[in-house]
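Subject: Structure for you to look at

Hi,

Here is the structure I promised to pass on. Please open it and keep it beside this email while you read.

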Amino acid sequence: MRKQIAAANWKMNLTIQQGEQLLNDIIAKPHDLKSHQLAVFAVPFPYLSMAVQKFAGKSNVFIAAQNCSNKKNGAYTGETSVEILQSVGIQYVVLGHSERREYYLESNQFLAEKLDICLANNMKPIFCCGEPLAIREANTQNEFVAKQLNESLFHLTAEQLQEVVIAYEPIWAIGTGKTASSAQAQEIHAFIRSHIASKYGNTVADSISILYGGSVKANNAVELFSQPDVDGGLVGGASLIAEEFVAIINALK
Ligand code: PGA
């Protein structure tokens, strides 16, 4: 079975004390990760080491950065390289979140550079895609998302692409409490998989985990994750509440 993933995206929230307490609360609650299930915590940069240490020796739990540089190293003040992240034990990085695309003007081409540097150095990207409301209302979301995939991912080899986790996050559902229906999620996840298959073939497409993001909560996770092409979730708001996120982990297929 494809990897099923519950990924927490803390964004720019919580102090380190609050973050550590949240992780303690999550660890204390019963959750059972099967061998094909992963929990990932994308925490602010200064908390990465603390979070890595919390889960030391635990299999199937990984800490992720929320961004990385497109450059290898050097005079790039304020940036964090893949090598720096790896030196504190990080194996996953979220790339292309819609907030970074919107507020920091990250383009598909710029994200392709970040993907390249990650994949050349064994860092696993969680690549976000998804359309704004106007595109959904015009019913052109498939074309929009296909362009994001074409321009950021489709230069990769099949082996490289299989290291990527895709997170489909409709922008109109992020932080709004408005979730895509499970039918809407399934429809576009199936489209994403078929679009990958059209270039890389069915075996590659079937092996890639495609997460849904956008107001995933404990009360809708089971329904969303039960869809055949939804392989878990990238969770913002609800990942800041221990009971919610543990319930989301326990909702994985
Ligand atoms: P949300 O955020 O769960 O708060 O909608 C999801 C995300 O932005 O990754």
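Which polar backbone atom is 2.8 Å from an oxygen atom of the ligand? It belongs to Gly-236. The protein covers 97% of the ligand's accessible area, which is 280 Å² for the ligand on its own. Keep in mind that this is a predicted model.

Now the rest of the ligand site.

Next, the fold. Eight strands form a closed barrel. Follow them in the order β1-β2-β3-β4-β5-β6-β7-β8. The pairing is parallel. On average, neighbouring strands are turned by 25° against each other, with direction ignored. As background, strands of a sheet pair through backbone hydrogen bonds, and the pairing is either parallel or antiparallel.

Start with one pair. Strand β1 covers residues 4-9, and strand β2 covers residues 37-42. Six bridges join β1 and β2 in the parallel sense. To find one on screen, pick Ala-6; its bridge partner in β2 is Ala-39.

Then look at a helix. Helix α7 spans residues 141-152. It lies across two strands, β5 (124-129) and β6 (165-168). Relative to β5, helix α7 runs at about 150°.

Over to you.

Best wishes

Methods: Residues are numbered from 1 along each chain as its sequence is written. This is a predicted model: local features need pLDDT of at least 70, side-chain atom pairs count only at pLDDT 80 or more; totals for chains, interfaces and linings use all residues. Side-chain values use heavy atoms; hydrogens and water are left out. Two strands pair if DSSP finds at least two bridges between them. Helices (H or I, at least four residues) and strands (E, at least two) are DSSP runs, numbered from the N terminus. Axes are lines fitted to C-alpha atoms, for helices over the stretch in contact, and angles run from 0 to 180 degrees between N-to-C directions. Contact means heavy atoms within 4.5 Å. A polar contact is a pair of N or O atoms within 3.5 Å; within protein, one must be able to donate a hydrogen and the other to accept it, and residues adjacent in sequence count only if both atoms are side-chain atoms. Accessible areas come from the Shrake-Rupley method with a 1.4 Å probe; for residues, only the protein chains shown count as cover.
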